[in-house]
Every structure is written in C-alpha cells, then in structure tokens.
Amino acid sequence: MKIDLDGKVALVTGAGRGIGEAMARVLASHGARVVYADMNLDTAKASAAKSPRAIAMLMDVTKRDEVESGIARIQKECGRLDILVNNAGINSGKEFRVNIDKFSPEQWDKILKVDLTGVFLVSRSAAQVMVAQKSGRIVNIASALGVVPARLQCAYTAAKGAVVNLSKTMAIELATDNILVNCVCPGTMENVYVPGTYLGELGDRILSHVPLGRPGSFVDIANAVAFLVAPESSYITGQTLCVDGGWTAGGFFRDF
C-alpha cells in the first residue's frame, strides 16, 4: 500500500518501541517527517535514527508543560503538524490483575492519567495547531478491550473505552476545521508469546478466541493508521477500526 505523505509532519507518542515505533517507521516510509516522542529519550533517538529526517523528542504525555512545549517546538521547527497518533499507554502488570474490589486506587490513577488524560492533553495542544491551519488527522490508539471489556483490568478497559468515545467527540467538534479523528483498536499482538512474560503464559488460550488464529503484527496496526491518514481517506472520521483478527466480531463465543 503506497500512500503519499510527502510534506506532511507527523507526531507519534510512545514511539520508542513496539507498536509506536512501527507506526512512526511506516509513516516515515510513506514520506512523512516524523517526530518520535517518548518518555525515554534514548529509545526515541534509537528509533528515530532509522527514519529519514526524523526528530526524537522527550515527551511524557501526563505532563502538560512538556506536551505543550513539545508541540510548540514541532510548529517552530517544522512549520506545521498534520498527523497526530496518540499511542502512548500502559496497562496493569500481572500483580495488579484483580477484581475491582481489590484494585489499587493508585494503579487506577496511574493508568487513567496516561491512557486517557494523556490522550486529552496531547490532542488538545495539537488540535490548536491543526485548527489554525484548517487541516489535520488524529488517530487515537485504544484497544479491542475498549470495545469488549475483559475481567481483571477495570482501569485499562475503562480508559480505552473512554478513548473510543473521546475520539468520536473530537471528530464531531473538529470536523468543521477539516480535522479528521479516528480510533484504532489493536487486538492480540505479536508479543503475546514473549517467553517469561505474563502474556506468554496465556498465549495459546488467548489465540484460541481469535478467528484468524494468529496474533497481529505491529505493522498490521501501522498500516491501519497509514490508511486512516492517507489523502484518499478524506471522508472517514469518527470511526473505530478494530484490528484484532476478528475477535470483537464474536470470536470469544466460538465454543458456544
């Protein structure tokens, strides 16, 4: 899939590794000048070094001053901001996977602060630039668990479900300024079988509920984002695209 993003400036949060790095790399391969933003500047620099004309930026999405200064720097150095991908996010570790009556309020605050408030803060600042230039694309990365909730992850599913609806609200509010906002919801990803991890232990069981029977790759998500920011997708806004191998279509009921 070849998309012409020549002359476009893109910001990807959480771009130091994983899905974020893949999305930034794919956007760069289509001609965009990409800002690799991450709370770890070293990983951002290492990833940005793989793309032409890329910029590495320190950005903790929970810190308003850091977000606003980062957006201001992009506008100053690049002259514009055409694409925002809100990817930075966290989830609970194995030790925190408990029912709501035992769920830590501190974990709740931590996850909501990154996964929801972080999306708001970056979107708010980026939208000011896009409104002024009367154009832009925003893609928020939520999760299949934001569409179909799971047990033992109340904060994560709440935050990602909120991101789905926040995306729709943003799409309605910003449409008159020619800013398109959509949401991508990844399902089970390629790191499901990483040895020694919590998800590694659950890999076979998780994939037994995915109709395609395999995990998605980080590039699968990156290609979905590239499609939504492509010039050809100019009449798509307020939509939620699940990239999950069919899981949210009902794969979790396949044994019934």
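Helices here are DSSP runs of H or I with at least four residues, numbered from the N terminus. I kept that in mind while looking through this predicted model.

**Entry 1: helix α1**
I started with α1, which covers residues 18–29. I wanted to check its length. At 1.5 Å a residue, its 12 residues should span 16 Å, and I found the end C-alpha atoms 17 Å apart, which agrees. Just after α1, I came to Gly31, which takes a positive phi of about 105°.

Is α1 mostly covered or mostly open? It is mostly covered, with 9 of its 12 residues buried. Among them I noted Ile19, Met23, Val26 and Leu27.

**Entry 2: strand β4 and its partners**
Next I turned to β4, residues 83–86. Ile83 and Val85 point one way, Leu84 and Asn86 point the other way, and all are buried.

Which strands does β4 pair with? I found 3 bridges to β1 (residues 9–13), running parallel, and 4 bridges to β5 (residues 136–141), also parallel. Leu84 is a handy landmark here: Leu11 stands opposite it on the β1 side, and Ile138 in β5 stands opposite it too. I then followed the chain from β4 through α4 to β5, and this β-α-β crossover is right-handed.

**Entry 3: a cavity**
The structure holds 1 cavity of 30 Å³ or more, and the largest cavity has a volume of about 40 Å³. I listed its lining as Arg64, Val67, Glu68, Leu121, Arg124 and Ser125. Helices α3 (64–78) and α4 (105–133) each supply at least two of the lining residues. By class, I noted 2 nonpolar, 1 polar and 3 charged residues in that lining.

Methods: Residues are numbered from 1 along each chain as its sequence is written. This is a predicted model: local features need pLDDT of at least 70, side-chain atom pairs count only at pLDDT 80 or more; totals for chains, interfaces and linings use all residues. Side-chain values use heavy atoms; hydrogens and water are left out. On a 1 Å grid over the protein atoms alone, a cavity is a set of points where a 1.4 Å probe fits but cannot get out, and a pocket is an open set with protein on both sides within 12 Å along at least five of seven lines; lining residues have an atom within 4 Å of a point. Grid points are joined across faces, edges and corners, and a volume is the space filled by probe spheres set on the points. Ala, Val, Leu, Ile, Met, Phe, Trp, Tyr, Cys and Pro count as nonpolar, Asp, Glu, Lys and Arg as charged, and the others, Gly among them, as polar. The expected span of a helix is 1.5 Å times one less than its number of residues. Buried means under 20% relative accessible area, exposed over 50%, partly exposed in between (1.4 Å probe, protein chains only). Two strands pair if DSSP finds at least two bridges between them. A crossover is right-handed if, with the strands pointing away from the viewer, the path from the first strand over the helix to the second runs clockwise.
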